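The following exercises are to be worked through with the sequence and the model side by side.

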Amino acid sequence: MKILFSSRIEPAERWLPLLRELLPNDAISTEEENPDVAIIAAPPKGTLEKLGNAKLIQHLWMGVEALLADPGLPRHVPLARLVDPGMTAAMTETVLAHTLDWHRRLYRYRAQQKEAKWHRFRQYMASDHTVGILGMGALGTAAAARLLPLGFNVVGWSRRPKKVDGVQCFTDLSSVLSMSDVVVCLLPLTPDTRGVLNKESLAKIKKGGGIINCARGPHIVRDDLIAALDAGHIAHAWLDVFDKEPLPADDPLWRHPGVSITPHAAALTEPRTAVKEIAKNVEAIRRGEKPPHLVDFAAGY
Ligand code: NAP
């Protein structure tokens, strides 16, 4: 098959040798004009318009909202999200790190150190705390599976009813938030999830709770979060994603004592594991089958 690799951000020199090793009989290039399969992430302007004859568009990232907003995307061609085990593992590690930072009050000890202050906070057991995961998809269920053995209670929110071992699952957001000490956002960005963490919803989280946003910036209304932090209702927020990226140097979040910032680095695509998933999808197309993780255009993810 003719395969196009096209991205302004993901380096072709890193991906092409790995792809060619797993798909030795396919012609894979960055120049293909009429591909059977297009592997893309933020492709150069004008690329999407040329993919109308493709059998599959394979995205290199998990979130697809920017792609879906592009009028050049041919909507009759199946679009697969990349569900990459390496990236999923990285996200789980990030969620565990921030949850434990909140649970063990490490962010408070770091603040105390700046003032040479020696003060011990009360200790809690993991079973005293509930982690609420917004978005029980590939990333949310993987994070839950690692939080449970540590002893945390885990509640999850999804659009459709769901059964996940050990997790209390809800389609009602209020129930999840009112049970949660720490809220982890792992939702796709859609018209329904934009601004989901706002003044009213943040107020439902238990007092002194934490917010971990590893999904997309617009899931949280920034000024409502700052107000909840200033009021002491939310103790700390770990933010990886922002309305505007890179986060502008004059944004108040940079200097807010209740905020820990990472530069959209919670989980990066890991080519060494991702290529295996891409190769499986290409083989499915070759056999005339549907690959998994196709985007539902109506739902927006
Ligand atoms: P996924 O497998 O598609 O799962 C999405 C979950 O969100 C599903 O459980 C879905 O419910 C739920 N959901 C969607 N709309 C909802 C709504 N309106 N109300 C309630 N629940 C809703 O997605 P994923 O692979 O876990 O990835 C999630 C997001 O993480 C991506 O879209 C991306 O934006 C972000 N991400 C960020 C980074 C980073 O480095 N910061 C890295 C990777 C991904 P159903 O189960 O009912 O469908």
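A residue is called buried when its relative accessible area is under 20%, exposed when it is over 50%, and partly exposed in between. The structure to which this is applied here is a predicted model.

**Exercise 1. Positive phi angles**

Task: Determine where histidine 264 is placed, and classify histidine 264 as buried, partly exposed or exposed.

Solution. 
Step 1. Histidine 264 belongs to the loop between strand 12 and helix 9.
Step 2. The relative accessible area of histidine 264 is 30%, so histidine 264 is partly exposed.
Step 3. The backbone deserves attention as well: phi of histidine 264 is positive, near 45 degrees, in a residue other than glycine.
Step 4. For background, most residues other than glycine have a negative phi.
Step 5. A further case is histidine 293, which is not a glycine and has a positive phi of about 60 degrees. Histidine 293 lies in the segment after helix 9, and its relative accessibility of 41% makes it partly exposed.

**Exercise 2. A peptide bond**

Task: State whether the peptide bond from glutamate 245 to proline 246 is cis or trans, and locate proline 246.

Solution. 
Step 1. Omega for the bond from glutamate 245 to proline 246 is near -5 degrees, and the bond is cis.
Step 2. In general, most peptide bonds are trans.
Step 3. Proline 246 is placed in the loop between strand 11 (234-239) and strand 12 (259-261).

**Exercise 3. Two polar contacts**

Task: Name the side chain with which aspartate 230 makes a polar contact, and the side chain with which histidine 103 makes one.

Solution. 
Step 1. Aspartate 230 is part of helix 8 (residues 222-230). Its relative accessible area is 56%, and therefore it counts as exposed.
Step 2. The side chain of aspartate 230 is joined to that of histidine 256 by a polar contact of 2.7 Å. These two residues are 26 residues apart along the chain, with their C-alpha atoms separated by 9.2 Å.
Step 3. Histidine 103 is in helix 3. Because its relative accessibility is 7%, histidine 103 is buried.
Step 4. The side chain of histidine 103 has a polar contact of 2.9 Å with the side chain of histidine 129.
Step 5. With neighbours within four places in sequence left aside, the residues in contact with histidine 103 are Tyr124, Met125, Ala126, His129 and Phe152.

**Exercise 4. Buried residues in helices**

Task: Identify which residues of helix 5 are buried, and decide whether leucine 67 is buried or exposed.

Solution. 
Step 1. Helix 5 (residues 138-150) has Leu139, Gly140, Ala142, Ala143, Ala144 and Leu147 as buried residues.
Step 2. Among the elements that cover these residues are helix 3 (85-103), strand 6 (130-134) and strand 7 (153-157).
Step 3. Leucine 67 is found in helix 2 (residues 65-68). Its relative accessibility is 7%, so leucine 67 is buried.
Step 4. Residues up to four places away in sequence not being counted, leucine 67 touches Ile40, Leu48, His59, Leu73 and Leu79. The C-alpha atoms of leucine 67 and isoleucine 40 are separated by 9.9 Å, and the two residues are 27 residues apart along the chain.

Notes
Residues are numbered from 1 along each chain as its sequence is written. This is a predicted model: local features need pLDDT of at least 70, side-chain atom pairs count only at pLDDT 80 or more; totals for chains, interfaces and linings use all residues. Side-chain values use heavy atoms; hydrogens and water are left out. Helices (H or I, at least four residues) and strands (E, at least two) are DSSP runs, numbered from the N terminus. Buried means under 20% relative accessible area, exposed over 50%, partly exposed in between (1.4 Å probe, protein chains only). A polar contact is a pair of N or O atoms within 3.5 Å; within protein, one must be able to donate a hydrogen and the other to accept it, and residues adjacent in sequence count only if both atoms are side-chain atoms. Contact means heavy atoms within 4.5 Å.
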